[in-house]
Amino acid sequence: MVVCISTENGFQFHTGETLALDADQIAGALAARGLRLTKQRRAVLDAVASASSSVSPLQVFDAARLTCPELGLTTVYRTLELLSELGALRRVHGADHCEAFVPAASAHGHTVVCARCGRVVEFTDCDMGGVVRAAARQTGYRITEHFLQLSGECPQCAADAASSRPRGPAR
């Protein structure tokens with residue numbers, strides 16, 4: 001089953017086996033900046049969208065070169081940055097790599113990352129007002145934005161862990 005979801009940032013995701021950004025919408029957002037959705041940018045976009053968890057720039061590079069062998073690593077970094085600026089991708093910090101990317105499902109969202117399998121889920125409900133005010137008071141900074149990422153165990157990994165635990169002695 002494929003479901004199309006329109007998000008706050010104007011991008012659409014098609015859910016099914018993989019999460020795919022709408023290339024036409026990305027092309028439109030790029031055109032508004034005087035840019036094109038080139039073969040290289042499309043390869044990067046497809047590599048992120050087809051991943052089952054967050055992906056590092058090097059993982060994107062390896063996957064995207066399968067369809068675009070002439071792709072350079074610098075282009076991958078620049079494209080990931082551009083797609084992130086457009087609001088199409090969200091940065092996350094993965095267990096095995098410091099910076100990784102996932103498709104963004106909303107204009108302002110935060111992530112929960114499974115510490116076991118790397119699955120990333122986005123949530124939008126955040127009441128950070130008190131924390132932001134306290135940080136501003138304590139530091140003297142004018143806080144303009146925040147980044148929140150939580151880590152834990154996804155329901156599937158929790159169930160797998162529970163089923164593989166040894167049971168107590170039979171009575």
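Predicted model: local features only at pLDDT ≥ 70, side-chain atom pairs only at ≥ 80, totals over all residues.
H3 spans residues 57-64 and H4 spans residues 73-85; their axes come within 10 Å and cross at roughly 115°.

Which residues of H3 and H4 meet? On the H3 side they are Pro57, Leu58, Val60 and Phe61, and on the H4 side they are Leu73, Val76, Tyr77 and Leu80. Sorted by class, this contact of H3 with H4 comprises 8 nonpolar residues, with no polar and no charged ones.

H2 covers residues 39-49, and its axis comes within 10 Å of that of H4, with a crossing at roughly 70°. Angles of 65 to 115 degrees count as roughly perpendicular, and H2 and H4 are therefore roughly perpendicular to each other. The crossing of H2 and H4 is right-handed. From H2, the contact draws on Gln40, Arg41, Val44, Leu45 and Val48. From H4, Thr75, Val76, Thr79, Leu80, Leu82 and Leu83 take part. By class, the contact of H2 with H4 has 7 nonpolar, 3 polar and 1 charged residues.

I would draw your attention to Val76 and Leu80 of H4. Both meet H3, and both also belong to the contact with H2.

Finally, I come to helix H1, residues 23-31. Which residues of H1 are buried? They are Ala23, Ile26 and Leu30. These residues cover an arc of only 60° around the axis, and so they lie on the same side of H1.

Conventions: Residues numbered from 1 in each chain as written. Heavy atoms only, no water. Axes fitted to C-alpha atoms, helices over the stretch in contact; angles between N-to-C directions. Helix = DSSP H or I, 4+ residues; strand = E, 2+ residues; numbered from the N terminus. Contact = heavy atoms within 4.5 Å. Nonpolar A, V, L, I, M, F, W, Y, C, P; charged D, E, K, R; others polar. Parallel < 35°, antiparallel > 145°, perpendicular 65-115°, else oblique. Left-handed = near helix turned anticlockwise from the far one by under 90°. Buried < 20%, exposed > 50% of the residue type's maximum accessible area, 1.4 Å probe, protein only. Arc of directions from axis to C-beta.
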